[in-house]
Amino acid sequence: MVIDNPKDIEKTFLIVNMACFGDVLLTNSLCQNLKIEFPNSKIVFLVNKPFVEVAKYQHGVDDVIYMDKHHKHKGLSGLIKFALSCKYRNKIDAAFIVYGNPRGIIISKLLGAKKIVSKPPQFIKFLVSNIPEDDKTVIKAQEINAHLFQGYTLKKEKVLPIKYKTNPQKNFITAKLVENYKNKEIIGLCCISKTLSKDMPIEEAIKLINKLNEQEKVILFLGSGTIARTYADNLKKQGCTNFVDLTNITSIYDLANILKKCKCLISVDTGTMHLGYAVGCFTICVFFQKNTARKWAPDETLYDVKVIDNEYSLEKVISYI
């Protein structure tokens, strides 16, 4: 039987993004573009171990594999160990490497990918078979990632919103929160990132929490890790205690389900911000670091968001809620 229509061909595509929470989410438009063009394809997402749930529930993703790049799969010996044990070895039609990551390119080569699509650094360019053409209209990180589609198909990628699947009714933590506060409006608040210059000054967070308390809103303080724990503790030390502290309590999937039930998320530039609008939660995206919103802010025409860039004020945030 001769298959004339490329849409009927079953292909296995590997998406490689070894970066962090938000970066993994921002690759979903690429996954969707491939799925639309090749509906019978299998989209396999390779991530760093902590971010399996970020990839697993994305629209268009069929399977997730991970590397433990700081421990089990560290260094060249770790890469080889991973490749030899990977169930998709010698089964990959094309691997798409986000950000031209050299580790991802080497992994794809070791896995026997028939084609490697990426924008690589010069020193590793010889390993890449397909490089997308430059397009000056492609500015945002989401668009840059999706543009890898053109490198493989020679077609212009579609502008598609990131989609993350949830089921809040079957999520225990979410159901409990909704039951406890069923007559209140719930506001998610994420004040910290991994970069201090992106974080909300604690005095501004206190003012915001106090104002939301005046409006009888339920505030969920969201975050994970030592930085988030310290920030929440410092809020309490300064007498700001009227919020539900979810620091280090939720998984990423729990967080997605919780955000689905929030009236609004107020977040600095971090993974939680991207997750908020990906699940359809109205998100106020606050950029404290200069010159970052152009690339990392969501498109206000594509999502239910408001972007505040370099002109933060309590009044402006409150006016959007």
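Is D309 buried, exposed or partly exposed? In this predicted model, D309 has a relative accessibility of 31%. Buried means under 20% and exposed means over 50%, so D309 counts as partly exposed.

**Around D309**

Let's start with the surroundings of this residue. D309 belongs to strand β11. Apart from its neighbours within four places in sequence, D309 makes contact with F287 and A293. T292 sits 17 residues away from D309 in sequence, and the C-alpha atoms of the two are 8.6 Å apart in space.

**The sheet**

Strand β11 leads us to the sheet. Six strands make up an open sheet with parallel pairing, and their order is β8-β7-β6-β9-β10-β11. The edges are taken by β8 (residues 244-245) and β11 (residues 305-309); each has a single partner strand, so one side of each is left without a neighbour in the sheet. F221 has D245 of β8 as its bridge partner.

Helices also meet these strands. α10 lies across β7 and β8, and runs at about 140 degrees to β7. α12 packs on the sheet too, where it touches β6 (186-190), β9 (264-268), β10 (283-287) and β11. The direction of α12 makes about 150 degrees with that of β9.

Now for the open spaces. The largest pocket has a volume of about 650 Å³. It is lined by 29 residues, and the closest to its centre are F21, K194, T270, G271 and T272. Four helices each supply at least two residues of this lining: α1 (21-25), α10 (226-237), α11 (252-260) and α12 (271-278).

| Pocket | Nonpolar | Polar | Charged |
|---|---|---|---|
| Largest pocket | 12 nonpolar residues | 13 polar residues | 4 charged residues |
| Second largest pocket | 7 nonpolar residues | 4 polar residues | 4 charged residues |

Terms used:
Residues are numbered from 1 along each chain as its sequence is written. This is a predicted model: local features need pLDDT of at least 70, side-chain atom pairs count only at pLDDT 80 or more; totals for chains, interfaces and linings use all residues. Side-chain values use heavy atoms; hydrogens and water are left out. On a 1 Å grid over the protein atoms alone, a cavity is a set of points where a 1.4 Å probe fits but cannot get out, and a pocket is an open set with protein on both sides within 12 Å along at least five of seven lines; lining residues have an atom within 4 Å of a point. Grid points are joined across faces, edges and corners, and a volume is the space filled by probe spheres set on the points. Ala, Val, Leu, Ile, Met, Phe, Trp, Tyr, Cys and Pro count as nonpolar, Asp, Glu, Lys and Arg as charged, and the others, Gly among them, as polar. Two strands pair if DSSP finds at least two bridges between them. Contact means heavy atoms within 4.5 Å. Axes are lines fitted to C-alpha atoms, for helices over the stretch in contact, and angles run from 0 to 180 degrees between N-to-C directions. Buried means under 20% relative accessible area, exposed over 50%, partly exposed in between (1.4 Å probe, protein chains only).
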